[in-house]
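Please look through the structure below with a sheet and a ligand site in mind; the paragraphs that follow take up each in turn.

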Amino acid sequence: MNSELTQFDLEHVWHPYTSLTKPLPTYEVVSAHDNYLVLDDGRELIDGMSSWWACIHGYNVKELNDAVTEQIGKVSHVMFGGIRHESAARLAKKLVELAPGDLDYVFFADSGSVAVEVALKMALQYFSDKVKTKTKFLALGGGYHGDTFGAMSVTDPEGSMHSIYRDFLSKNYFISRPSCRFDEPWNPDSADELFNVLSEHHEEIAAVVLEPVVQGAGGMYFYHPEFLRRVRAYCSYFNVLLIADEIATGFGRTGKLFACSWAGITPDIMTVGKAITGGYMTLSAALCNEKVMKGICEGSAGVLMHGPTFMANPLATRVACASLDLLLSGNWRETVNHLEIRLKEYFLPLAAYENVEEVRVLGSIGVVQTRKPVNMAVLQKAFVEQGVWIRPFGRLIYVMLPYVTKDEHIRKLAEAVEYVLKNNLV
Ligand SMILES: *Cc1c(COP(=O)(O)O)cnc(C)c1O
């Protein structure tokens, strides 16, 4: 775009988590294909982010383009109140088939945060007639569930800056993030706090809300699946629902179709979003089991009180069907396993650098945790100069690969990270 428009963007348009008086630099993307972002000066960057976990198939994907184009020729949007359409029904059926266990009922929403709001509402409505004291949630330190108020109230208090909105936020219970790591031997002590808080406060707690196995935006942390099994068992025992937020982990990201499968558990409510449309449109869903569905529909309210304007948008649901077809027709499990092997090969050696605290890899996720918080603008510039798109935050330099990433790209991404470590830019 011309320099006038660029200046307007800088002065008038908020970018995520930024200031308008001290804006961070941005880069102009004019197009994208495969796993490359094309900048306005013609440079092509290897994408390491999948555009915040969403673009699992990369960009400008023929099958997805075709699906959107075909749907545009029919109907791009229609209200969902009193109207049904094929894409929504097909997508719901697919989700029910793919989701773990008996999550048979689907509510479509328009973004991840909104799906979390709906999940919280489901839990509250489920108990509203039965146990009137159950009006709070139990969540994990280091968790992230979105930026709307309900979602923020179950997100790590520091990570979502509860202090800014203190007087307006609901108070919930938090326990520390599970101390036992994904690949450590299981340490039963790491479920003690969970058990203690539940046994003391279960009469107030409607649901435990968590990201299964991989905590994303709250720290890129991988915890032991046995913790999830404990959560499931304690929730059932104490009559507390379990909400698994699979918005970041869903659709193969961790090496399982859903991260709950690492523990072989089924939550009562599950949220999905991000990769559901292959990153083409914003769409999310909250799924629940029959117990929750009946509790809501046979309760005094009798209905689930939510209905976004763009609920089950036809373009979004159509492209989500195409994205799931593409995922399932390919060998996603082998692909993600292969990405994991290469990520380990190229990223684990970076742990030798003094400014690195730890390197961890799971599925298509690679994380380099630095000892000190990084300067985002400095690193971003260095990465672009190295021909890659990696957006670090806090002490985390991480990649979240599109599944079409080739070995040589993973090597280049690792080399770019090595470059900033070696040149002491962190
Ligand atoms: C990104 C994310 C959300 C919020 O989704 P939005 O589409 O950004 O509203 C919720 N939960 C998890 C686990 C996420 O990673």
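**The sheet and the ligand site**

Strand E14 (residues 365-370) is joined to E16 by five bridges, the two running antiparallel; strands here are DSSP runs (E, at least two residues; helices are H or I, at least four), numbered from the N terminus, and two strands pair if DSSP finds at least two bridges between them. The model is a predicted one, in which local features need pLDDT of at least 70 and side-chain atom pairs count only at pLDDT 80 or more, while totals for chains, interfaces and linings use all residues. Residues are numbered from 1 along each chain as its sequence is written, and side-chain values use heavy atoms, with hydrogens and water left out.

Within this pairing, Val368 stands opposite Ile397 in E16. The open sheet consists of three strands in the order E13-E14-E16, with antiparallel pairing. Strand E13 (356-362) and strand E16 (396-400) stand at the edges, each with a single partner strand, so one side of each has no neighbour in the sheet.

Turning to the ligand, its surroundings include Ser111, Tyr144, His145, Glu211 and Lys274, where a residue counts if one of its heavy atoms lies within 4 Å. An oxygen atom of the ligand is 2.6 Å from an N or O atom in the side chain of Ser113, and a polar side-chain atom of Asp245 lies 2.6 Å from a nitrogen atom of the ligand; polar contacts of this kind are pairs of N or O atoms within 3.5 Å. Taken alone the ligand exposes 380 Å², of which the protein buries 82%, with areas from the Shrake-Rupley method and a 1.4 Å probe.

Terms used: A polar contact is a pair of N or O atoms within 3.5 Å; within protein, one must be able to donate a hydrogen and the other to accept it, and residues adjacent in sequence count only if both atoms are side-chain atoms.
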